[in-house]
Amino acid sequence: MDAVAAGTSNGGSGADGDAARRNNTRMPKYSKFTQQELPACKPILTPKWVVSVFFLVGVVFVPVGVVSLLAAQDVVEIIDRYDHACVPPNMTDNKLAYIQNETIPKDCTRTLTVTKEMKQPIYVYYQLDNFYQNHRRYVKSRNDAQLRDYKKSNTTTSCDPERFTADGKPIVPCGLIAWSLFNDTYSFTRGKDNLTVDKKDISWKSDREHKFANNVYPSNFQNGALIGGKKLNSSIPLSEQEDLIVWMRTAALPTFRKLYGRIYVDLKANDTIIVRLSNNYNTYSFGGKKKLVLSTATWLGGKNDFLGFAYLIVGGLCIFLAFAFTLLYLIKPRKLGDHNYLSWNRHPAGR
């Protein structure tokens with residue numbers, strides 16, 4: 001009996017303790033947000049609403065697509081691939097030996113014909129194919145602090161394998177991106193007139209002002225045994241090395257264009273442009289291609305048919321769906337909110 005009494009006493013004290021703890025527990029503060037009682041818009045997607053939205057999207061997208069395509073058609077482009085054409089005939093079977101031999105002249109002359117009148121400014125691009133600037137190790141091989149801060153100009157962290165020279169001096173700018181800077185050059189003439197290429201403001205203003213310092217200068221750059229690309233003038237600060245700034249903004253795709261400069265002269269149809277270029281950049285080791293591009297621009301930018309076709313396809317699809325849903329609603333209408341269409345209300349034979 002004593003044991004039973006003790007057990008009963010302990011059980012009672014345990015129950016009293018639980019009740020006390022429950023009473024002492026703070027109730028959560030009432031809130032419409034926590035109780036999900038906030039006013040909310042719960043639109044019902046009726047057939048009329050669905051058809052109207054599809055039709056409205058189609059009506060807007062189709063004209064935008066047409067306008068985009070017309071704007072793209074106004075862009076005039078001249079594209080010339082020269083990496084194969086500029087190899088001497090006796091070196092076509094060994095292009096890598098040609099580009100790596102410094103004693104072989106790399107000068108090349110190309111003739112371009114203007115097919116349609118080109119209004120200034122005419123943008124000069126170089127295009128590289130099969131060049132993966134988005135490779136993880138390549139993208140990481142740079143030090144942004146070094147580029148924008150004079151006090152950290154000797155910092156070469158994350159710049160492997162282009163951090164130091166053979167005698168241990170820090171490279172500025174360091175990293176594979178800067179080391180592989182494009183180094184082909186172009187000059188243009190029309191008849192007896194030289195066409196000046198303006199290379200000012202070809203980079204982003206935000207990059208010049210915030211990512212590359214005006215008191216950081218190149219040092220020990222391209223001083224190793226293996227030269228990757230263009231050399232930089234050590235007396236010009238990085239903020240004014242616009243070819244470098246353009247190159248350091250890496251491309252997302254293996255085929256890309258980068259701005260080389262602008263020509264502020266109108267070109268007429270059938271004009272002949274003589275291009276004298278230096279074929280210095282090595283794309284032969286990885287099967288790449290090099291192209292020179294002269295292009296005009298419209299209010300929409302350069303030539304890009306994809307945007308116009310995308311708007312047309314989406315708009316056309318929306319209009320098609322609007323008509324399809326309209327016909328379906330007219331041929332086989334359904335009462336809104338009819339419980340008979342619920343699966344558990346259907347007759348088994350109709351399943």
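User: Where is Asp201 found?
Analyst: Asp201 sits in the loop between strand E5 (193-195) and helix H7 (205-211). The model is a predicted one.

User: What makes the phi of Asp201 worth a remark?
Analyst: Phi of Asp201 is near 60 degrees. That value is positive, and the residue is not a glycine.

User: How do you know that the peptide bond from Gln120 to Pro121 is cis?
Analyst: Its omega is near -5 degrees. Pro121 belongs to the loop between strand E2 (107-113) and strand E3 (122-129).

User: What is the form of the peptide bond from Val172 to Pro173, and where is Pro173 found?
Analyst: The bond from Val172 to Pro173 is cis, with omega near -5 degrees. Pro173 lies in the loop between helix H5 (144-148) and helix H6 (176-179).

User: Why is the pair of Tyr82 and Tyr186 called edge-to-face?
Analyst: A pair of aromatic rings is described by the distance of the centres and the angle of the planes. For Tyr82 and Tyr186 the centres are 6.0 Å apart, and rings pair if their centres lie within 6.5 Å. The planes stand at 85 degrees, and the cut-off for edge-to-face is over 60. The pair is therefore edge-to-face. The structure holds 17 aromatic pairs.

User: What makes this pair a tie between parts apart in sequence?
Analyst: Tyr82 is in the loop between strand E1 (77-81) and helix H3 (95-100), while Tyr186 is in strand E4 (residues 185-190). The pair therefore ties together parts that are 104 residues apart in sequence.

User: Why are H2 and H9 called roughly antiparallel?
Analyst: H2 and H9 pack at an angle of about 155 degrees, and angles over 145 count as roughly antiparallel. The two helices are therefore roughly antiparallel to each other. Their axes are 7 Å apart, and the crossing is left-handed. The residues of the contact of H2 with H9 comprise 23 nonpolar, 8 polar and 1 charged.

User: Which elements give two or more residues to the lining of the second largest pocket?
Analyst: This pocket has a volume of about 310 Å³. Of its 13 lining residues, Thr46, Pro47, Phe325, Tyr329 and Arg334 are the closest to its centre. Helix H2 (47-73) and helix H9 (305-331) are the elements that give two or more residues to the lining. H2 gives the most, with 4 residues.

User: By class, what does the lining of the second largest pocket have?
Analyst: The lining of the second largest pocket has 9 nonpolar, 1 polar and 3 charged residues.

User: How much space lies in the largest pocket, and which residues lie nearest its centre?
Analyst: The largest pocket holds about 830 Å³ of space. Its lining has 25 residues, and Trp179, Ile227, Gly228, Gly229 and Asn282 lie nearest the centre. By class the lining of the largest pocket has 10 nonpolar, 12 polar and 3 charged residues. Gly228 and Gly229 are among the residues nearest the centre, and Gly counts as polar here.

How values were computed. Residues are numbered from 1 along each chain as its sequence is written. This is a predicted model: local features need pLDDT of at least 70, side-chain atom pairs count only at pLDDT 80 or more; totals for chains, interfaces and linings use all residues. Side-chain values use heavy atoms; hydrogens and water are left out. On a 1 Å grid over the protein atoms alone, a cavity is a set of points where a 1.4 Å probe fits but cannot get out, and a pocket is an open set with protein on both sides within 12 Å along at least five of seven lines; lining residues have an atom within 4 Å of a point. Grid points are joined across faces, edges and corners, and a volume is the space filled by probe spheres set on the points. Axes are lines fitted to C-alpha atoms, for helices over the stretch in contact, and angles run from 0 to 180 degrees between N-to-C directions. Angles under 35 degrees count as roughly parallel, over 145 as roughly antiparallel, 65 to 115 as roughly perpendicular and the rest as oblique. A crossing is left-handed if the near helix is turned anticlockwise from the far one by less than a right angle, and right-handed if clockwise. Rings of Phe, Tyr and Trp (its six-membered ring) pair if their centres lie within 6.5 Å; planes under 30 degrees apart count as stacked, over 60 as edge-to-face and the rest as tilted.
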